[in-house]
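Thanks for coming, everyone. Let me put the structure on the screen, and then I will walk you through it.

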Amino acid sequence: MSVLEKFAFGEQSKPATGKKECLIWDREHETMPRSALEKLQLERLQKVVERCYNKVPFYHQQMDALGIRPEDIKTLADVSKLPFTTKHDLRDNYPFAMFAEPMRNVARLHASSGTTGKPVVGGYTKNDLNTWSELMARVITAAGVTPDDIVCNSFGYGLFTGGMGFHYGAERIGATIVPVSGGQSKRQVMLWQDFGATVLSSTPSYACVLAEQAEESGVNPVKDLKLRIALVGAEPCTPQMRAEIEKKLNVEVFDTYGLTELMGPGVGLECPYHDGLHICEDHFLMETIDPESGEVLPPGSEGELVLTSLTKEAFPLLRFRTRDRTRINQEPCTCGRTHARLQKIDGRTDDMLIIKGVNVFPTQIETVILSLPQFEPQYVIVVDRSSNFLDDMEILVECTHDVHEAGEGAMEEARKKLAHELHQVLGLNTRIKVVAPKTLQRSEGKAKRVVDLREMSK
Ligand code: ADP
Ligand code: ZN
């Protein structure tokens with residue numbers, strides 16, 4: 001069936017009273033009864049385990065060491081017998097030793113940003129690329145994007161999976177894709193206007209930068225723009241950040257989840273009910289574990305997300321420890337999808353700062369900053385080690401134009417208010433420096449919210 005037929009055939013659900021319109025790209029797989037889905041998952045798991053055992057020396061050794069053979073995987077729960085894969089393992093096997101296919105069958109390579117050390121390299125066969133486009137088609141369709149939409153894709157093109165992931169997904173559903181990439185924000189806003197763009201895709205932090213640019217260019221999103229949807233992902237988007245983007249750009253925000261190790265974006269999608277991210281469970285098996293003990297947690301408990309790729313050919317991964325903190329929600333969703341949801345992803349376990357003995361996540365700080373009207377969504381957390389060897393932090397945050405115009409008194413009042421609110425949430429006295437609007441560096445992709453000076457002061 002062609003893309004246009006798919007949409008024209010009325011195969012998608014019609015909105016009933018009180019129900020939202022939910023477009024579903026791959027109804028067969030996305031709404032599969034759980035029993036059939038679990039049967040498919042088990043078949044695929046058995047296949048991928050065999051593939052890993054026979055084709056990837058790392059897994060062969062690991063499984064031998066645990067005394068486990070592919071034929072020992074008889075139920076889905078048996079996944080817990082398999083070895084974990086960590087980022088560290090991928091680094092040790094850099095660049096290609098984890099691949100299960102010879103290079104002649106690898107059609108493309110991508111890599112993560114690799115902020116610390118060597119990047120993670122993802123390899124894709126032609127089939128993998130096809131699966132990726134299909135999964136991205138699910139993500140984009142779930143947000144309500146159709147062939148009638150013009151999608152300005154501001155995710156970075158290149159080694160980063162964001163740009164090309166969204167590109168091929170939008171192309172797959174038949175939308176008009178504008179491969180604008182990150183940067184040149186003023187020009188991006190102009191193109192939205194001139195092209196009549198209806199959809200924007202970018203990191204949430206870059207969407208904020210573009211919203212700010214629209215304001216600066218005197219563009220009124222209601223009157224001058226046709227944008228209606230923003231697809232965001234690649235970093236946490238707090239509810240406050242979401243509200244900010246929705247308000248400033250007059251769009252509905254849909255979050256998306258993915259990681260280079262598992263393919264890139266396309267792992268998780270948000271439906272119009274906005275209550276967590278559906279994981280494409282026919283392609284990824286998920287577990288949450290206690291990050292300390294490695295023990296599997298019952299669904300619903302908060303823990304570290306562990307993902308096994310069920311269909312990848314070139315670069316299959318067993319029990320990859322994502323380091324993302326989340327909760328799995330297995331309740332059925334009103335949209336009709338049967339795939340379970342990640343209730344929230346509020347950062348990586350390794351994002352956690354320990355300040356004066358208190359665990360602090362950058363997203364907690366962001367939530368407080370954005371709940372106060374005196375501030376812009378632009379901040380940096382500078383972490384340092386004080387003379388008594390305790391970690392200390394200072395938050396640099398931009399106030400709004402109005403607060404800045406009102407003068408130093410108003411800025412000091414805003415600072416006090418923020419300090420008070422942060423104390424309520426974190427139980428910590430924090431050093432805060434309120435700076436003028438547009439003085440902190442803007443991101444074109446993932447925002448770098450934490451500047452860590454500890455290494456230097458060692
Ligand atoms: P890098 O590891 O270099 O940042 P990736 O693009 O592969 O490269 O990053 C994947 C990570 O980005 C995920 O493991 C997760 O921490 C984060 N991420 C991706 N999407 C989301 C999202 N929707 N919400 C929160 N975090 C996200
Ligand atoms: Zn749903």
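One definition before we start: contact means heavy atoms within 4.5 Å. This is a predicted model, in which local features need pLDDT of at least 70, side-chain atom pairs count only at pLDDT 80 or more, and totals for chains, interfaces and linings use all residues. Residues are numbered from 1 along each chain as its sequence is written, chains are lettered from A and ligands numbered from 1 in the order in which they are written, and side-chain values use heavy atoms, with hydrogens and water left out.

Let's begin with Glu 304. Setting aside residues up to four places away in sequence, Glu 304 touches Glu 287, Thr 288, Ile 289, Pro 291, Arg 321, Thr 322, Arg 323 and Asp 324. Glu 304 sits in strand S11, residues 303-309. Helices (H or I, at least four residues) and strands (E, at least two) are DSSP runs, numbered from the N terminus. Is Glu 304 buried or exposed? It is buried, at a relative accessible area of 2%. Buried means under 20% relative accessible area, exposed over 50%, and partly exposed in between, using a 1.4 Å probe and protein chains only. The Glu 304 side chain also reaches the backbone nitrogen of Arg 323, at 3.1 Å.

Beyond its neighbours within four places in sequence, Ser 309 is in contact with Val 48, Leu 262, His 283, Phe 284, Phe 315, Pro 316 and Leu 317.

Now Gly 294. Where is Gly 294? It is in the loop between strand S10 (284-289) and S11. Gly 294 is buried, with a relative accessible area of 15%. It touches Phe 84 and Ile 289, again not counting residues up to four places away in sequence. Gly 294 and Thr 256 are 38 residues apart along the chain, and their C-alpha atoms are separated by 26 Å.

Next, the metal. Which residues hold the protein donors of the zinc ion, ligand 2? They are Cys 271 (SG), His 278 (NE2), Cys 333 (SG) and Cys 335 (SG), lying 2.1 to 2.3 Å from the ion. Donors here are N, O and S atoms within 2.8 Å of the metal, or 3.2 Å for Na, K and Ca; water is not among the atoms, so sites may look incomplete. Along the chain, the donors of this zinc ion follow the spacing C-x6-H-x54-C-x1-C. Cys 271 lies in the loop between strand S8 (264-269) and strand S9 (277-279), and Cys 333 in the loop between strand S12 (320-329) and strand S13 (341-348), so the pair ties together parts that are 62 residues apart in sequence. Both Cys 271 and Cys 333 are buried.

On to the helices. Two packed helices are described by the angle between their axes and the distance between the axes. Axes are lines fitted to C-alpha atoms, for helices over the stretch in contact, and angles run from 0 to 180 degrees between N-to-C directions.

Take helix H6 (residues 126-142) and helix H7 (residues 161-173). Their axes are 7 Å apart, and they pack at an angle of about 75°. H6 and H7 are therefore roughly perpendicular to each other. Angles under 35 degrees count as roughly parallel, over 145 as roughly antiparallel, 65 to 115 as roughly perpendicular, and the rest as oblique. Residues making this contact include Trp 132 and Met 136 of H6, and Phe 166 and Tyr 168 of H7.

Then helix H8 (residues 185-195) and helix H9 (residues 204-216). Their axes come within 9 Å and cross at roughly 75°. H8 and H9 are therefore roughly perpendicular to each other as well. Among the contacting residues are Val 189 and Trp 192 of H8, and Tyr 206 and Leu 210 of H9.

One more helix: H12, residues 362-371. How many of the residues of H12 are buried? The count is 7 of 10, so H12 is mostly covered. The buried ones are Pro 362, Thr 363, Ile 365, Glu 366, Val 368, Ile 369 and Leu 370.

Last, some backbone details. The peptide bond from Tyr 94 to Pro 95 is cis, with omega near -10°. Pro 95 is in the loop between helix H5 (87-92) and strand S1 (108-111).

Gln 184 is not a glycine, yet its phi is positive, near 50°. Gln 184 lies in the loop between strand S4 (176-178) and H8. At 56% relative accessibility, Gln 184 counts as exposed.

Ala 234 is not a glycine either, and has a positive phi of about 85°. Its place is the loop between strand S6 (229-233) and helix H11 (239-249). At 27% relative accessibility, Ala 234 counts as partly exposed.

Terms used:
A polar contact is a pair of N or O atoms within 3.5 Å; within protein, one must be able to donate a hydrogen and the other to accept it, and residues adjacent in sequence count only if both atoms are side-chain atoms.
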